[in-house]
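Try each task before reading its solution.

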Amino acid sequence: MSVILSDISKSYDRVSALDRISFSAESGELFGVIGPDGAGKSTLFRIIASLLVPDKGTCRVSGYDVVTGYREIRRMIGYMPGRFSLYMDLTVEENLAFYARVFGTTIRANFDLVREVYSQIEPFRKRLAGKLSGGMKQKLELSCALIHRPRLLILDEPTTGVDAVSRREFWELLGRIRREGITILVSTPYMDEAVLCDRVAMIHRGNLLDITAPEELKEYNYPLYSLRSKRGAYAYLDKIRNLEGCRSAWLFGDELHVTISSTDEVEGICREVSRWADASLVWKPIPAGIEDRFIELMQ
Amino acid sequence: MNRPPEHIIEVRDLVKRFGSFVANDHLTFSVFRGEIFGFLGANGAGKTTALRILCGLSYPTSGEIMVAGHNVYRERESIKRKIGYMSQKFSLYEDLTVSENIRLYAGIYGLGRKYIREREKQLLEQLNLSEIRDRLIRSIPLGWKQKLAFSIAIFHRPVIVFLDEPTGGVDPITRRQFWEMIHQATKEGITVFVTTHYMDEAEYCSRVSIMAEGRIEALETPAALKEKFEVSNMNEVFLKLARREKEQHR
């Protein structure tokens, strides 16, 4: 089930939230939309889910237009919004049963699909949804979004505020859902989650910066080096930035990532760095990651 | 003024119980002057409980705890004067202007008017925010808010600043500028204590402690932890520790 966006724009009062976004997600793909808060991720997903009408452009989900074909689309998708949106005053079980009935099915009919995630919250099936912990709410929401066996699953920042262990488990679960033939669109502000997607669209301030498969990221237009030292990378930040030919330098944990403006400048910078008297200093070329690429495209 | 001790925080056998539930189970650790100390753990591991005790907001059940040279049982008010605090969830008043927020916090810490005026000007220039000093916080971008919130948290020159999940959701450049500010603060002698459950933030710390189920499971430099667990990033370290923990409880 494919999703095709062409030239989608949307503004709220005169503030542009999305500016001519075009991309397509293939059937069966685990497609990520990555960007910071305010990038336009939720607006984008609400348009795809037929909940918001774009100002310009078209969006087709499995061939149906989101404006004219919304009835068909809504039957085929499962949508998990960024904000918890289940019924707090219904129990876990009642929420799931409600979602199944709204879509004209039963929990039993599609139980296979939700078994894995639902089994983790089943011991609490009599508890009110409002009384669940964050991780359990997230699992219930996913169960409810899946119970009618959608062909497209739209997840808006499902892992925000969730700890590293639960995040990892959630992504493993998404991999298995995809193997059931369900196309997945997922957004996240965390760059490290991009590598778990087949392809990602990077967006920032309503603009599409790039679409890429994580393994294709080696294509970076500039030489990229890493600097590490026992004295701490921060001690070298200003020094590096002041070198001629340094395009940018940023902290990446305990190292610096240094982008050099052209291959011609590499030798000069390497020579300069080798003069710095610090036996613990490690300076070496590295492949670019998704965050390097995102930063480069933002500048 | 007396020089504060080399151990800005000294915790021995900290226990905090809520009824029969043990939120902090005999924590023992020190935070050194000028370091960036990462305090990590999954949701519910007991981070917030310990943080509240260190900030003088709640009493421990037992244990010896000193913060900035003061005892957490008897000198909570002295502690509050010497620390700074910033959280992502709440840090600035949305319906006050940039300038009003600075003056409010500085006033609470009892700084003089003239001093506040001078420092405010200096700070706004540094942050390139002079133009928007009279805009409401509500109307400025998240990245600016975070930088401003951090600057305000250290405006009264605390000995140590506590950052409670500080950088979620911002773009990768803003986030790095934020960490540059943190490094700069440590160069000026401020110790930084960061709680987070985002492991990439842990990579920026001098040392990290990892909590699980009320106990500290590891406390080392990120490099040493990665080496010990033979993995390339802190996320993997965390997963290995957390999963080991789970298996032990099965």
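The exercises concern a predicted model and cover a chain contact, a nonpolar core and a sheet.

**Exercise 1.** Describe the side of chain A that touches chain B.

*Solution.* Step 1: count the residues. Chain A contributes 23 residues to the contact, and chain B contributes 23 residues.
Step 1: find the elements. At least two residues come from each of α5 (134-146), α6 (164-178), β12 (246-252) and α9 (290-298) of chain A. The most come from α9(A), which gives 4 residues.

**Exercise 2.** Locate A:L185 in the largest nonpolar core and list what A:L185 touches.

*Solution.* Step 1: the largest nonpolar core holds 149 residues. Among those with the most contacts inside this core are A:I48, A:I154, A:L185 and B:V161.
Step 1: leave out residues up to four places away in sequence; A:L185 then touches A:V3, A:A25, A:F31, A:V33, A:F45, A:I48 and A:I154.

**Exercise 3.** In the open sheet of 4 strands in chain B, which strands stand at the edges, and why is one side of each left without a neighbour?

*Solution.* Step 1: write the order, which is β2-β1-β4-β5 in chain B, with antiparallel pairing.
Step 1: β2 (21-32) and β5 (70-71) of chain B are the edge strands; each has a single partner strand, so one side of each has no neighbour in the sheet.
Step 2: check one pair. Strand β4 (residues 62-67) of chain B joins β5(B) over 2 bridges in the antiparallel sense, and B:M66 lies opposite B:N71 in β5(B).

Note on methods:
Residues are numbered from 1 along each chain as its sequence is written. Chains are lettered from A and ligands numbered from 1 in the order in which they are written. This is a predicted model: local features need pLDDT of at least 70, side-chain atom pairs count only at pLDDT 80 or more; totals for chains, interfaces and linings use all residues. Two residues are in contact if their C-beta atoms, placed from the backbone, lie within 7 Å. A nonpolar core is a set of buried Ala, Val, Leu, Ile, Met, Phe, Trp, Tyr and Cys residues joined through C-beta atoms within 7 Å. A residue is buried if 20 or more other C-beta atoms lie within 10 Å of its own, exposed if 12 or fewer, and partly exposed in between; C-beta atoms are placed from the backbone. Two strands pair if DSSP finds at least two bridges between them.
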